[in-house]
Amino acid sequence: AASSPSRPEAVHEIPARVPVVERPEERSSPPASVRAGTMEHPGGVTGLTPGVTAWTAESIASLPPGERRTMAALVDEAGVLSARAQALPTAITSTDRLTRDQIVYLCCDETTNPVRGPTNVLGVLKTGDKNLFIHRGGASTPIEMEPRCVLDFYVHETAQRRGIGALLFAFFLRDENKHPARLAYDRPSEKFLAFLAKHHGLVKYQNQTNNFVVFDAYFAVKPRPASAAKEAKKLFEGRGVGLAAAARAKAAA
C-alpha cells in the first residue's frame, strides 16, 4: 500500500476528545434561538460536528434554510460575544459579512449532534486577507502587503484554559498551511499575544496605526508552497476534523 504523506507536527496538538463544557441553566431566549450569553443552539447543522470544522460563505449558503438560520445564529452570537470580550463597539464576525476569502473555524463539544441537535460551540476563529500598510524599522514609508490575517479569535469564558484555543489555532495553521509568523493579527488580546509568545516564540513587533500586529519574524520566514498545503489537506476528511478523524490522524502519526 502507498505510504501516507508526512504529517505536520501540529497534528499532535489535537486532543482525542473535546471536553464537554457545562453552561448556565437560565434560558432567556426562545427555544429556537441561541441561548443568551452562550453559543448553544437546540438545532443541528449538517457538517457541524464535534471537534473543529471550517466554513466559508459558500458552504454556509449551501445549507438547507433551517440549518442556515441555525448556523447564522451561532456565528453571529459568537461575533457578538467576541466583540464584547474585546470591548469592541461592533461585532467583526457575522455570516452576512463573510467575504469569499474568509474562513470561519468553529470548535464544538461532544454533545453536538449535526442531525438532531443540540449544537454547542466553544470557540471561533476567523481568517481572511487584508491589504495593509506596515511600518518596519525606522523607515518613513510603509510597506504595502496583503498577508493572511487572523481577524477574530474567541473562546467562550466557560471553555477557556482547556486547550480549545490551541486546538482551533493548530487546525487553522494546518488547514491553510500557514506559519504563525507569516500572519497578521487584528487587535490581538493580551492573552493571544501571550499564547503566541509561549507556543510559537513570537514576541517582537512594531506598533502600527491600523492596530494589526505583524511580528518581526514575518520577514525572516519563507512562505510555504501551495503544494505543501495540498498534501496537508489530504490528511483530513473534507474541510473539517471531527474527534474521530483527529484521533485517527494522531494514531497514524
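Trainee: At what angle do the axes of helix 3 and helix 4 cross?
Mentor: Roughly 65°, and the axes come within 12 Å. Helix 3 is residues 164-175 and helix 4 is residues 190-200. Axes are lines fitted to C-alpha atoms over the stretch in contact, with angles from 0 to 180 degrees between N-to-C directions. Helices are DSSP runs (H or I, at least four residues), strands too (E, at least two), numbered from the N terminus.

Trainee: And what should I know about the source?
Mentor: This is a predicted model: local features need pLDDT of at least 70, side-chain atom pairs count only at pLDDT 80 or more, and totals for chains, interfaces and linings use all residues. Residues are numbered from 1 along each chain as its sequence is written, and side-chain values use heavy atoms, with hydrogens and water left out.

Trainee: New topic. How many salt bridges are there?
Mentor: The count is 3, taking a side-chain nitrogen of Lys or Arg within 4 Å of a carboxyl oxygen of Asp or Glu. One of them pairs Asp-129 with Arg-148, at 3.0 Å from N to O.

Trainee: What does the pair of Asp-129 and Arg-148 tie together?
Mentor: Asp-129 is in strand 4 (residues 119-129) and Arg-148 is in strand 7, so the pair links parts 19 residues apart in sequence.

Trainee: Where is the cis peptide bond?
Mentor: Between Gly-117 and Pro-118, with omega about 0°. Pro-118 sits in the loop between strand 3 (103-108) and strand 4.

Trainee: What about Ala-87: is its phi positive or negative?
Mentor: Positive, about 60°, although Ala-87 is not a glycine. Ala-87 is in the loop between helix 2 and strand 3.
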